[in-house]
Amino acid sequence: MIIIGEKLNGSIPAVAKAIAAKDEAFIRERAKLQADAGATFLDVCASVEEAVEAETLVWMICQIQSVTDVPICVDSPSAQTCLRAMPFCKRPGLINSVSMEGDKIDTIFPVIADTDWQCVALLCDNDGIPDSVEKRMDVFHAIMAKAKQYGIAPSRLHIDPLVVTLSTDQTALLVFAECCRRIKAEYPDIHITSGLSNISYGLPACRCAKTSTTPS
């Protein structure tokens, strides 16, 4: 099991407050807690305005690397921000993420092609999240064609078939599970990742931990 710790995300109010205050101790402590708990990667997402996002990510990465050598998962909706933050990571980690939306995959894949960096790939495209297994698999095959084009081995990819909440789609888990089965049948060495807590978002009396996991 590959565990991607996701508690250093600026969308979390306590983390946003720490980022705004440049609270180094808070970032370091939260990084160390996740590392000590066995995280394989530490996801780092600033969730600030794009104009200051890269410098904020770099500041966070520096704090994290002062207390742990767990690889960084660089997380941003901006491909350019990911690329600007990568050189500050002391060891190859994980890029979060690419998809078939826009040109992000053609921006990220050429840069990581001849490196040891890994990458999360989401099964969505310019039309959003497909509503069927077949359409998500079409996106998957397009991503794998890009990976082949740039010489990126399946073992370096973490495919996210995208868990959506059961409160809005009662077939969400079935679609996700079937995508997982088909993907692993085609590429046994590939990783499957997900934000597992998404499935219960909005459901009553649920206090599930927000943890991303990747069976390997």
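**Close-up 1. Helix 7 spans residues 172-186.** Helix 7 has 15 residues and reaches 22 Å from its first C-alpha to its last, close to the 21 Å expected at 1.5 Å a residue. The expected span is 1.5 Å times one less than the number of residues. Helices (H or I, at least four residues) and strands (E, at least two) are DSSP runs, numbered from the N terminus. This is a predicted model: local features need pLDDT of at least 70, side-chain atom pairs count only at pLDDT 80 or more, and totals for chains, interfaces and linings use all residues. Residues are numbered from 1 along each chain as its sequence is written, and side-chain values use heavy atoms, with hydrogens and water left out.

Close-up 2. Ala172, Val175, Phe176, Cys179, Cys180 and Ile183 are the buried residues of helix 7. An α-helix has 3.6 residues a turn, so residues three or four places apart point the same way. On the other side of helix 7, Leu174, Arg181 and Ala185 are exposed. Buried means under 20% relative accessible area, exposed over 50%, and partly exposed in between (1.4 Å probe, protein chains only). The cover over the buried residues includes strand 5 (118-125), helix 6 (133-150), strand 6 (157-160), strand 7 (191-192) and strand 8 (194-195).

**Close-up 3. The cysteines form zero disulfides.** A disulfide is a pair of cysteine sulfur atoms within 2.5 Å. In helix 7, Cys179 and Cys180 are both buried. The closest cysteine sulfur to that of cysteine 179 is in cysteine 180, 7.0 Å away, which is too far for a bond. Cysteine 179 has 0% relative accessibility. For cysteine 89, the closest cysteine sulfur is in cysteine 62, at 9.0 Å, again too far for a bond. Cysteine 89 is buried too, at 11% relative accessibility.

**Close-up 4. Strand 5 pairs with strand 4 and with strand 6.** Seven of the eight residues of strand 5 are buried, so the strand is largely enclosed by the rest of the structure. Strand 4 (residues 94-100) runs parallel to strand 5, joined by five bridges. Two strands pair if DSSP finds at least two bridges between them. Methionine 100 stands opposite aspartate 125 in strand 5. Strand 6 also pairs with strand 5 in the parallel sense, over four bridges. Here leucine 122 stands opposite aspartate 160 in strand 6.

**Close-up 5. Two right-handed β-α-β units include strand 5.** One is made by strand 4, helix 5 (residues 104-112) and strand 5. The other is made by strand 5, helix 6 and strand 6. A crossover is right-handed if, with the strands pointing away from the viewer, the path from the first strand over the helix to the second runs clockwise.

**Close-up 6. Methionine 144 is a buried residue of helix 6.** Its relative accessibility is 6%. Leaving aside neighbours within four places in sequence, methionine 144 is in contact with Pro154, Leu157, Tyr187 and Ile190. Contact means heavy atoms within 4.5 Å. Methionine 144 and leucine 157 are 13 residues apart in sequence, and their C-alpha atoms are 9.3 Å apart.

**Close-up 7. Leucine 57 is a buried residue of helix 3 (residues 50-65).** Leucine 57 has a relative accessible area of 0%. Not counting residues up to four places away in sequence, leucine 57 touches Val44, Cys45, Ala46, Val74, Asp75, Ser76, Thr81 and Ala85. The C-alpha atoms of leucine 57 and alanine 46 are separated by 5.8 Å, though the two residues are eleven apart along the chain.

Close-up 8. Serine 97 is in strand 4. Serine 47 lies in the loop between strand 2 (41-45) and helix 3, and it is partly exposed at 38%.
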